[in-house]
Amino acid sequence: MPKYVALTYTADVDWSDPQYADQMKDWIEFGEAAKAVIRGGDALYPTATATTVRTSGKGGEVISSDGPYAETKEALTGFYLLECADLDEAIQTAAKIPAAWTGAVEVRPVIDFGS
Amino acid sequence: MEAGDAVAQLVREEGTRVLATLVRVTGSIDLAEEATQDAVVRALESWPRVGVPDNPRGWLTVTAKRRAIDLIRRESRRPEKEAAAVSMIEPVPEPPEVVRDDLLRLVFTCCHPSLATETQVALALRTLGGLSTAEVARGLLVSEATMTKRLTRAKQKIAQARIPYRVPPADELPDRLSGVAATVYLIFNEGYAAGTGSELARVPLTAEAIRLARLLVVLMPDEPTALGLLALLLLQDSRRATRVDEAGRVVLLADQDRSRWDERAIKEGVELVGTGLRRTPSRPNAYVVEAAIAACHALAPSYDATDWDAVISWYDVLLTIRDSPVARLNRAAAIAERDGPSEGLAIVDAIDGLAAYPWWHATRAELLHRLNQPEAARDAYDRALALDLSRPQADHLRRRLSELG
């Protein structure tokens with residue numbers, strides 16, 4: 001069966017904030033209802049926590065900058081879910097993704113609702 | 001200095017170290033700030049009356065840790081989480097080497113490359129410099145509300161994106177340290193040239209930058225970047241009193257009253273240059289070399305007695321380690337002093353990439369002025385004046401322009 005990524009666009013808010021608890025119910029409801037087809041997924045912290053990683057070519061100097069990927073030259077063409085000790089490890093890993101060599105990789109922390 | 005000032009100074013110095021430790025033991029900058037602030041306020045209240053305790057840092061640390069435990073207890077909704085957090089906070093003060101490492105961790109976290117430069121500057125002034133949010137806002141000419149928002153976002157990113165609280169490993173240290181140095185240098189320049197705006201030098205920011213550079217030397221006494229940065233800032237700042245006259249007009253290096261330069265700052269700066277050069281005899285550090293150039297000027301008894309050969313050869317060294325159009329421009333200006341305006345102008349004209357830099361146009365204008373080419377000079381002054389300059393700088397160029405007749 002073919003696979004699809006559903007990228008969700010909403011207001012740029014911190015979904016871990018208790019004030020969104022009510023709205024979260026709808027997301028949980030969807031998660032239950034679509035259980036059969038969902039293979040994974042997470043909520044992200046707001047774009048203010050994003051770091052955009054680029055390198056000067058393969059193995060080149062790593063240039064990280066604050067904020068989300070904000071250009072329109074390249075398009076979103078894939079994603080990885082990384083489990084790293086901290087942002088430094090995430091940046092180092094992101095810098096090895098071929099997209100970082102010629103385009104960019106946006107690194108965003110995933111909300112852990114369990115904590 | 002009055003007794004109260006001495007206490008305030010001590011509390012501020014130690015407060016930064018206590019904050020650094022509290023960030024590590026609590027894992028939260030916000031919590032650490034609140035707890036440290038509380039300890040600082042208590043110290044400022046009681047020490048001037050009852051005297052400074054034998055171990056001021058220990059006193060502050062223990063007081064801040066107790067406060068942190070109170071805050072965790074008050075805010076925690078989960079008893080097991082609270083117990084875990086509280087058990088990590090030993091009330092005993094840390095040994096000096098641990099405090100030193102804590103402060104280094106704080107330096108590298110505040111200047112993490114995933115934070116925007118303006119954010120690094122704000123965080124460094126707030127957490128490392130111990131300035132209030134209002135003071136940081138005033139120094140950087142933004143509203144307090146904007147600064148509060150910037151700092152809150154920064155702390156949120158550090159927490160949510162898990163920017164690590166650690167000293168970078170040896171192989172990453174030089175790169176990360178040059179990032180830290182760039183941030184401190186930016187703070188200094190912000191105060192020194194003040195970009196746009198009516199005052200040429202906002203003293204507090206230059207003083208803050210020197211304080212931060214001094215901190216880097218204390219923390220990393222063997223790192224040439226730290227030595228060179230402090231030397232450079234001291235040597236540039238040694239001329240502060242003579243850079244503008246009573247009427248607020250710019251006084252050029254050639255016309256400054258050298259008897260009013262800060263001799264103590266010059267002496268310390270020159271010594272640091274020496275130490276920095278001995279550390280890296282084969283490949284000098286860029287900050288050390290820039291400081292060496294500043295030292296050539298600081299040590300010249302008069303402008304005419306400047307050793308331009310030495311200045312130019314230091315620029316040659318600088319270009320081999322950190323080539324930049326601005327460094328080339330400054331080298332060309334030195335060549336013009338040694339060999340004459342037409343030699344200098346030829347080099348200035350050959351530099352690419354400075355069309356948006358007011359001093360490239362201003363240097364061309366000055367050299368064309370000296371070469372008695374008023375039309376071309378006027379055009380270059382106009383181009384410089386169309387770009388971003390502080391008011392005294394712009395006034396100076398306008399004066400030169402009017403002298404063209």
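Helix axes are lines fitted to C-alpha atoms over the stretch in contact, and angles run from 0 to 180 degrees between N-to-C directions. Helices (H or I, at least four residues) are DSSP runs, as are strands (E, at least two), numbered from the N terminus. The model is predicted: local features need pLDDT of at least 70, side-chain atom pairs count only at pLDDT 80 or more, and totals for chains, interfaces and linings use all residues. Residues are numbered from 1 along each chain as its sequence is written, and chains are lettered from A.

Chain B has 19 helices and zero strands. Its C-alpha atoms fill a box of roughly 80 × 45 × 45 Å along the principal axes.

In chain B, the axes of helix 9 (residues 173-192) and helix 11 (residues 224-237) come within 10 Å and cross at roughly 10°. Helix 9 of chain B is therefore roughly parallel to helix 11 of chain B (angles under 35 degrees count as such). Residues are in contact if their C-beta atoms, placed from the backbone, lie within 7 Å. Among those of helix 9 of chain B are Leu177(B) and Phe188(B), and helix 11 of chain B contributes residues including Leu229(B).

Chain A also touches chain B, with 11 residues from chain A and 13 residues from chain B. Helix 2 of chain A gives the most to the chain A side, with three residues.

| Chain | Residues in the contact |
|---|---|
| chain A | 11 residues |
| chain B | 13 residues |

Key
Two residues are in contact if their C-beta atoms, placed from the backbone, lie within 7 Å. Angles under 35 degrees count as roughly parallel, over 145 as roughly antiparallel, 65 to 115 as roughly perpendicular and the rest as oblique.
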